[in-house]
Amino acid sequence: MSDPYASRTPVHTQVIDGFGTVRVLPLAPGADAAVVHRWVREDRAAFWGMTGLTEQQVAGIYAHMATLDTHHAHLVVRDGEPVALLQTYEPEADRVSECYEVRPGDIGVHLLLAPAGPGGARPGWTARLVAVITGYVLLGLDRRRVVVDPDVRNEKAVARFLKLGFAAGPVVVLPEIDLPDVYLPEKKAQLAFLDREILFPA
């Protein structure tokens, strides 16, 4: 099977024995909107906040994000198959900065995993994928700590991060953002942190 993403330049590539080649690609808003829209409209992605959007609206959101220096979207591809949507951001340029003391070297991450394939969920699959992503943001981008802020009601995501080694921080309320280009409702979030030394001891 040919790789439809082969011509695109990744920001990170990692080969994992028994798992495959994982590449982190800058998201192409137009080309990738159909895949992302298919994921975000599912009930399981309700906390992503895009279930009611059209494909064109999804493309528009990521086209706007592509103009920012502080927020970046990526498509994570394993052996030519898209497997996750990764967003990274500078916490000091995000509403989360109003809820905790940002440290130098912090990087924020939002992660949406693709639905399980026909064979269903596979043990250890998410852990290996997240290992690649944390390797990219902590080592590739030379950061000291990853910050995540899943909705407190998204118990599955919270439990997944804690299982992967994140330390739970406070429960906070992220303020509403109402700007011409972006609207985000107020969100009660569970902050969690992962220090680089936990995964990559010096």
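The model is predicted, so local features need pLDDT of at least 70 and side-chain atom pairs count only at pLDDT 80 or more, while totals for chains, interfaces and linings use all residues. Residues are numbered from 1 along each chain as its sequence is written, and side-chain values use heavy atoms, with hydrogens and water left out. Helices (H or I, at least four residues) and strands (E, at least two) are DSSP runs, numbered from the N terminus. You will also meet the word buried, which means under 20% relative accessible area; exposed means over 50%, and partly exposed lies in between (1.4 Å probe, protein chains only).

**The nonpolar cores**

- A nonpolar core is a set of buried Ala, Val, Leu, Ile, Met, Phe, Trp, Tyr and Cys residues joined through side-chain atoms within 4.5 Å.
- The largest nonpolar core has 26 residues, and V76, L86, L111, L129 and V146 touch the most other members.
- Two or more residues of this core come from each of β2 (20–26), β4, β5, α3 (125–140), β6 (145–148) and β10 (187–195).
- Helix α3 gives the most to this core, with eight residues.
- Contact means heavy atoms within 4.5 Å. Not counting residues up to four places away in sequence, V76 touches V22, R23, E81, P82, V83, A84, L86, L129 and I133.
- There is also a second, separate core of 18 residues, and M50, V58, M65 and V77 are among them.

- In helix α4 (residues 155–163), the buried residues are A157, V158 and F161.
- Seen down the axis of α4, these buried residues fall within an arc of 100°, so they line one face of the helix. The arc is that of the directions from the helix axis to the C-beta atoms.
- The buried residues of α4 pack against β6 and β10.
- On the face turned away from the buried side, α4 carries the exposed residues E155, K156 and K163.
- After α4 comes G165, whose phi is positive, near 110°.

**Salt bridges**

- Side chains of opposite charge can pair when their charged atoms come close.
- A salt bridge is a side-chain nitrogen of Lys or Arg within 4 Å of a carboxyl oxygen of Asp or Glu. By this rule there are nine salt bridges.
- One of them joins the side chains of R145 and D106, at 2.9 Å from N to O. This pair links distant parts of the chain, with R145 in strand β6 and D106 in strand β5, 39 residues apart.
- Both partners are buried: R145 has 7% relative accessibility, and D106 has a relative accessible area of 2%.
- Another salt bridge is formed by E197 and R144, whose closest N and O atoms are 2.1 Å apart. E197 lies in helix α5 (residues 196–199) and R144 in the loop between α3 and β6, so the pair ties together parts that are 53 residues apart in sequence.
- E197 is partly exposed at 39% relative accessibility, and R144 is partly exposed at 35%.
- D149 and K187 form a salt bridge too, with the closest N and O atoms 3.6 Å apart. D149 sits in the loop between β6 and α4 and K187 in strand β10, 38 residues apart.
- D149 is buried, with a relative accessible area of 2%, and K187 counts as buried at 17%.

- R95 is found in the loop between β4 (81–89) and β5 (106–113). R95 is buried yet has no salt bridge, and the nearest side chain of opposite charge, D94, is 5.0 Å away.
- A polar atom of the R95 side chain lies 2.8 Å from the backbone oxygen of P185.
- D32 lies in helix α1 (residues 29–40) and is buried, with a relative accessible area of 1%.
- Leaving aside its neighbours within four places in sequence, D32 is in contact with Y5, R8, P26, L27 and L75.

- D79 is not a glycine, yet has a positive phi of about 50°. D79 is placed in the loop between β3 (71–78) and β4 and is partly exposed, with a relative accessible area of 43%.
- D142, another residue other than glycine, has a positive phi near 55°. D142 lies in the loop between α3 and β6 and counts as exposed at 52% relative accessibility.

Methods:
Lys and Arg count as positive and Asp and Glu as negative; His and the chain ends are not counted. A polar contact is a pair of N or O atoms within 3.5 Å; within protein, one must be able to donate a hydrogen and the other to accept it, and residues adjacent in sequence count only if both atoms are side-chain atoms.
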